[in-house]
Amino acid sequence: MTAHDPDPAAPPSSARRGARRDELLAALVDLFLAEGFLDLGIGDLATRLRCSRTTLYQVAASKEQIVTTVVGRYFREATRKVEQRVAAEPDPGRRVTAYLLAVAEALAPAGPRFYADLAAHAAAGEVYRRNTEAAAARVRRLVEEGVAAGRLRPVDGAFVGAAVAHLMEGIQVGTLRERTGLDDATAYRALADLVARGLAPGAHS
């Protein structure tokens, strides 16, 4: 191998760029969760991540696109972890509770500034709304599966799913926080407890 030959052990430049972009996304997720994102300009982000603006634009081409990319990454990773928890629960009657508790755990790192910025940012808020809708549909299916397996009380899964969806929407838009003072993660834990107690076999018998 001559001095001009590439090192066969070195990853291709595209792979290095992809790895660097993943590192930036992970760091941005942590930063957004802790401090929000509306008040942080591109220069602020570059300073916090100790990188150049050019490097930061590997994530997306503008601040607006960076925000939606980072928020989307956060919720995709949260969904993946939540589904892992559900898959690890063998009891169909406990999966809906496992799901809601896993959602609470996934949301726990997010601070109040992050949620305030989600509410104030149309595109990022839409990402949260779509994820909440998908989560509500998932809860409905889990309830129906638990009822069918005889591990939950024989209730109307569609009704319970709609009721849970209504509460989840209240969490997402912030009305539940205003009325109870509970942050989103705590609200999901309370919802998990409510569902577990209300749907347990023998409840209200």
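Which residue just after α7 takes a positive phi?

## Helix α7 and the residue after it

The residue is G150, with a phi of about 75°. This comes from a predicted model.

Helix α7 itself covers residues 122–148, which makes 27 residues. At 1.5 Å a residue, a helix of this length should span 39 Å.

## Elements of the chain

The protein contains ten helices and zero strands. Read from the N terminus, the order of elements is α-α-α-α-α-α-α-α-α-α. The radius of gyration is 21 Å, whereas the globule rule gives 17 Å for 205 residues; the value is well over the rule, so the protein is more spread out than a compact globule.

Along the principal axes, the C-alpha atoms fill a box of roughly 80 × 45 × 20 Å.

## Contacts and burial

Among contacts in the protein with a separation of 6 or more, 66% are between residues 24 or more positions apart. Of the 205 residues, 40% count as buried.

## Surface and charge

The accessible surface of the protein is about 11,200 Å². Carbon and sulfur atoms account for 54% of that surface.

The protein carries 27 positive and 25 negative charges. The mean position of the positive charges and that of the negative charges lie 1 Å apart.

How values were computed:
Residues are numbered from 1 along each chain as its sequence is written. This is a predicted model: local features need pLDDT of at least 70, side-chain atom pairs count only at pLDDT 80 or more; totals for chains, interfaces and linings use all residues. Side-chain values use heavy atoms; hydrogens and water are left out. Helices (H or I, at least four residues) and strands (E, at least two) are DSSP runs, numbered from the N terminus. The expected span of a helix is 1.5 Å times one less than its number of residues. The radius of gyration is taken over C-alpha atoms; the globule rule is 2.2 Å times the number of residues to the power 0.38. Buried means under 20% relative accessible area, exposed over 50%, partly exposed in between (1.4 Å probe, protein chains only). Contact means heavy atoms within 4.5 Å. Accessible areas come from the Shrake-Rupley method with a 1.4 Å probe; for residues, only the protein chains shown count as cover. Lys and Arg count as positive and Asp and Glu as negative; His and the chain ends are not counted. The place of a charge is taken as NZ of Lys, CZ of Arg, CG of Asp or CD of Glu.
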